[in-house]
Amino acid sequence: MFERHAGGERVILVALDFGDPDFAESVAELRLLAAGARLDILGEIQGKRSRPDAALFVGSGKADEIAALVAATEADVVIFNHELSPAQERNLERRLHCRVIDRVSLILDIFARRAQSAEGKLQVELAQLQHLSTRLVRGWSHLERQRGGVGMRGPGEKQLETDRRLIGVRVKALRERLGKLGKQRRTQRRSRARQHVLSVALVGYTNAGKSTLFNALTRAGAYAADQLFATLDTTTRKIYLPKVGEVVLSDTVGFITRLPHDLVAAFRATLEATAEADLLLHVIDSASPGRERQIEAVDKVLREIGAEAVPQIRVYNKLDLTGVAPGVGRDEYGRLHSVYISAQTGAGLELLREALSEVLLASPTLAEAGPDEAGGNAPKTTILST
């Protein structure tokens, strides 16, 4: 029996190298995640293992090293750059005498801080409850005390069982509400499809510059910052392209390696817009040394949501940090597949607009529309309901 520690803002980061080639970049990403959560990083411990320890994940000796650093710095929380099992979290908290969380919990906390819209908050709460439901196993002593009762608890029902049941009820209610919002989104998309309005979705690794590019193309003023998961809520605007007409542009949540499965499931209704888009603009941080791994992470999530078959243009952003000149890339058949730009300075944005027009003009959706519908005069930016 033990009471879980309350936690706090003073943290120690722990990362183990299991032979992954991207270990250093993953650790740097953990630091950015902690900084994005406004945590005070007091120390960092790294180590190497062939495989995780079943009980403590890090092994007994490394656990003692972490415990010594916790005692010396009076840290409130230890954050692991890995996914821990409920038993490992419990054993580590007993050993370290402080709160222990994993990478998944940290990402969920950041999402909870950043969600602004009602739908975004519902999605984050659903993901948190789904994650919490796996942690209600002998981790909190007050949940193990058997209490007979009347009203909401039956005779002899434990507090643990009550909490599980209440979480289940809340999860069901959240799914129903998100289901209704998803139906509304699908109705809006069907309406746009009947009007032959093309849709383009911005996707990419978190902090690749999607929101900055979205603002540059639409002048929408959406929140953008140099931090992971700066914005979570999908923003939709219309832009006007010569010869094409009005196009719906959507800015979506950024992806990350080992994105929690519960988050992907909770945001599925929002990400459906990505799967049903006519074109994806895959925004890539060209200045990042791990851009190839980031591209693979984005493509993995796109496969999970059924968007792998949607036509895609890779937009290599942040040329202002690399010194590369704006341009376009084509395959051996002359088909355009990439554009090189800087959303921050505006370099290459006209090339991107031309690329959008070129690819969308070949879209089956545009071919179905009459010439009047495709090329009608329209305002340069129109706000849509999101």
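Start by selecting Phe 57: with a relative accessible area of 4%, this residue is buried. Keep in mind as you click around that you're looking at a predicted model.

**Stop 1: a ring and its partners**

Is it buried or exposed? Phe 80 has 0% relative accessibility, so it counts as buried. Searching the whole structure turns up 3 aromatic pairs, and Phe 57 with Phe 80 is an edge-to-face one, with 6.1 Å from centre to centre and 85° between the planes. Phe 57 sits in the loop between strand 2 and helix 2 (60-73), while Phe 80 belongs to strand 3, so the pair ties together parts that are 23 residues apart in sequence.

**Stop 2: two tyrosines**

Next, select Tyr 316 and Tyr 340. Their ring centres are 4.9 Å apart and their planes are at 10°, so this pair is stacked. Tyr 316 is in strand 9 (residues 312-317) and Tyr 340 is in strand 11 (residues 336-340), so parts 24 residues apart in sequence are tied together here. Tyr 316 counts as buried at 12% relative accessibility, whereas Tyr 340, at 28%, is partly exposed.

**Stop 3**

In what order do the 4 strands form the open sheet? Read across it and you get 2-1-3-4, with parallel pairing. Strand 2 and strand 4 (99-101) stand at the edges with a single partner strand each, so one side of each has no neighbour in the sheet. On average, neighbouring strands here are turned by 20° against each other, ignoring direction.

Zoom in on strand 1 and strand 2, which pair in the parallel sense over 8 bridges. For a spot to look at, pick Leu 13: opposite it stands Glu 44 in strand 2.

**Stop 4: helix 1**

Helix 1 packs on this sheet, touching strand 1, strand 2 and strand 3, and its direction makes about 165° with that of strand 1. Select residues 23-36 to see the whole helix: 14 residues, reaching 20 Å from the first C-alpha to the last, close to the 20 Å expected at 1.5 Å a residue.

Which residues of helix 1 are buried? They are Phe 23, Ser 26, Val 27, Glu 29, Leu 30, Leu 33, Ala 34 and Gly 36. Here's a handy rule for reading a list like that: an α-helix has 3.6 residues a turn, so residues three or four places apart point the same way. To see what covers the buried residues of helix 1, show strand 1 (10-17), strand 2 (40-48), strand 3 (77-80), helix 4 (103-114) and helix 10 (291-304), which are all included in that cover. Just after the helix, click on Arg 38, which takes a positive phi of about 60°.

**Stop 5: the cores**

Now show side chains. The largest nonpolar core has 38 residues, and those with the most contacts inside it are Ile 79, Leu 106, Phe 255 and Leu 302. Among the elements that each supply at least two residues of this core are helix 1, helix 5 (118-133), strand 5 (198-204) and helix 8 (261-266). Helix 4 gives the largest share, 6 residues. Apart from this core lies another, of 26 residues, including Leu 217, Leu 279, Val 283 and Ala 343.

Finish on Phe 255: leaving out residues up to four places away in sequence, the residues it touches include Val 203, Tyr 205, Leu 271, Val 298 and Leu 302.

How values were computed
Residues numbered from 1 in each chain as written. Predicted model: local features only at pLDDT ≥ 70, side-chain atom pairs only at ≥ 80, totals over all residues. Heavy atoms only, no water. Expected span 1.5 Å × (residues − 1). Buried < 20%, exposed > 50% of the residue type's maximum accessible area, 1.4 Å probe, protein only. Contact = heavy atoms within 4.5 Å. Phe/Tyr/Trp six-rings, centres within 6.5 Å; stacked < 30°, edge-to-face > 60°. Core = buried A, V, L, I, M, F, W, Y, C linked by side-chain atoms within 4.5 Å. Pairing = 2+ DSSP bridges. Axes fitted to C-alpha atoms, helices over the stretch in contact; angles between N-to-C directions.
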